[in-house]
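Dear colleague,

I am handing over the structure we spoke about, and below it I set out what was found. Please read the notes with the coordinates open beside you.

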Amino acid sequence: MLLKTESYTKPDDLGFYGEFGGAFIPELLRPNVEELDQVFMKCLSDEQFQKEYIQILKDYVGRPTPLYHSEKLSEKYGGTIYLKREDLNHTGAHKINNAIGQILLAKKMGRTKIIAETGAGQHGVATATTCALMNMECIVFMGEIDIARQTPNVKRMQFLGATVIPATSGSKTLKDATNEAIRFWINNPDSYYLIGSVVGPHPYPEMVAYFQSVISQEMREQLQQKTGSQLPTKVIACVGGGSNAAGAFYHYYREPEVKLIAVEASGLGLDSGKSAATSILGSPGVLHGSMTLLMQDESGQVTEPYSISAGLDYPGIGPLHAYSINEGRTQSVSVTDQQALAAAKALTRSDGIIPALESAHALAALEKITIESNDVIVVNLSGRGDKDMEHYL
Ligand SMILES: *Cc1c(COP(=O)(O)O)cnc(C)c1O
């Protein structure tokens, strides 16, 4: 099985999806990003590369992940509800799909020092894991607050051999960790920056979406087997930067009968000033190397985001999602901390699956949308909740 690209909304040559995207970076990084773009473009048609990537996903990550029919959720909400079990991937979330793809690119480029930013720590763990596998040095930037609320993942990264550097500026969360990683990259252009979501300068958003597209590629085959059609009526995924959503939507962008629902964290509520619902509260601006929707005040200062979930606590959104939401192709829904916590508990008790707090936001959206009896809905269960046990208890 090779990855397909024909069903995807591609950016233009400069990485723009409509007005969003591009590469707003210091000149010093331009050669890095251009080299990466060339190597990535080559790998798209490189059968050897694809075979190696798919083989690792299969034997090491444990793909394909199951498409699980939840009878309990279907009964509760109506329709037929499936969970795409990204929580069953090695390291516990979808992040590893992308980390494997990019580390193979880094290897091709002859890089041995990998840097990454992380929020919940899932991307840091995935990166540290692939670095152990490929014998590379690993430095992970993580907000001080996230370090405190995601201790188990910090310990995992350190045990895997990574150096975890706390980001102590701003809200001390993902945005600040990303700033620190970019600063380090500018000073160390020989390192490879392994970005964990569909954000950052072109070609990262396109590349990360591509490496996550395996999710919807599998979904199509699995739905065909289970329902006789490759198309669901709705796909629901949570959005921090938007990589699991991009992967779950990828092969459905060009299928207008499939509704795409992106779920953002509204934290304590949309009007509370403590939220991360970027597509609703945001406006166009440049963040971390690309033009996108972001939460900012009148003077263009980035507003500190808030969500109980460290993986959704980001003031921006991938340019692909900004574009798709603006075009009306993707519908955005927002879910509060409390609604996500309730959905996590409900799934745990009904199906014996403890979801990540991020994924619980996607589940909670089932309460907020209209569901018909003939709906076939896939909720992308982006990760597992081991890391969130303290919050849940
Ligand atoms: C990181 C993370 C997210 C948010 O990141 P996206 O790029 O928006 O997918 C969602 N769920 C889990 C489990 C995560 O670890």
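Predicted model: local features only at pLDDT ≥ 70, side-chain atom pairs only at ≥ 80, totals over all residues.

The largest pocket, for its part, has a volume of about 220 Å³, and the residues that line it include Leu-341, Lys-345, Arg-349, Ile-354 and Tyr-392. Helix H14 (337–351) and helix H16 (389–392) each supply at least two residues of that lining, with H14 giving the most, five residues. Six residues of the lining of the largest pocket are nonpolar, one is polar and two are charged.

Turning to the charged pairs, a search of the whole structure finds 18 salt bridges. One of them joins Glu-218 to Arg-63, with the closest N and O atoms 2.8 Å apart; this pair links distant parts of the chain, since Glu-218 lies in helix H10 (residues 214–227) and Arg-63 in the loop between helix H2 (47–61) and strand S3 (67–69), 155 residues apart. Glu-218 is buried, with a relative accessible area of 4%, and Arg-63 also counts as buried, at 5% relative accessibility. Both residues belong to a network of salt bridges that links Arg-63, Lys-84, Glu-86 and Glu-218.

Glu-255 forms a salt bridge with Arg-220, the closest N and O atoms being 3.0 Å apart. Because Glu-255 lies in the loop between helix H11 (243–249) and strand S10 (259–267) while Arg-220 lies in helix H10, the pair ties together parts that are 35 residues apart in sequence. A further salt bridge is that between Asp-87 and Arg-85, at 2.8 Å from N to O, and both of these residues are buried.

Finally, in helix H7 (residues 151–159), Asn-153, Val-154 and Met-157 are buried; they cover an arc of only 105 degrees around the axis, which puts them on the same side of H7. The elements covering these buried residues include strand S5 (113–118), helix H5 (122–134) and strand S7 (163–167), whereas the face turned away from the buried side carries the exposed residues Lys-155 and Phe-159. H7 is followed by Gly-161, whose phi is positive, near 105 degrees.

With best wishes

Notes: Residues numbered from 1 in each chain as written. Heavy atoms only, no water. Buried < 20%, exposed > 50% of the residue type's maximum accessible area, 1.4 Å probe, protein only. Helix = DSSP H or I, 4+ residues; strand = E, 2+ residues; numbered from the N terminus. Arc of directions from axis to C-beta. Contact = heavy atoms within 4.5 Å. 1 Å grid on protein atoms, 1.4 Å probe; cavity = no way out; pocket = protein on both sides within 12 Å on 5 of 7 lines; lining within 4 Å. Points joined across faces, edges and corners; volume = space filled by probe spheres on them. Nonpolar A, V, L, I, M, F, W, Y, C, P; charged D, E, K, R; others polar. Salt bridge = Lys/Arg side-chain N within 4 Å of Asp/Glu carboxyl O.
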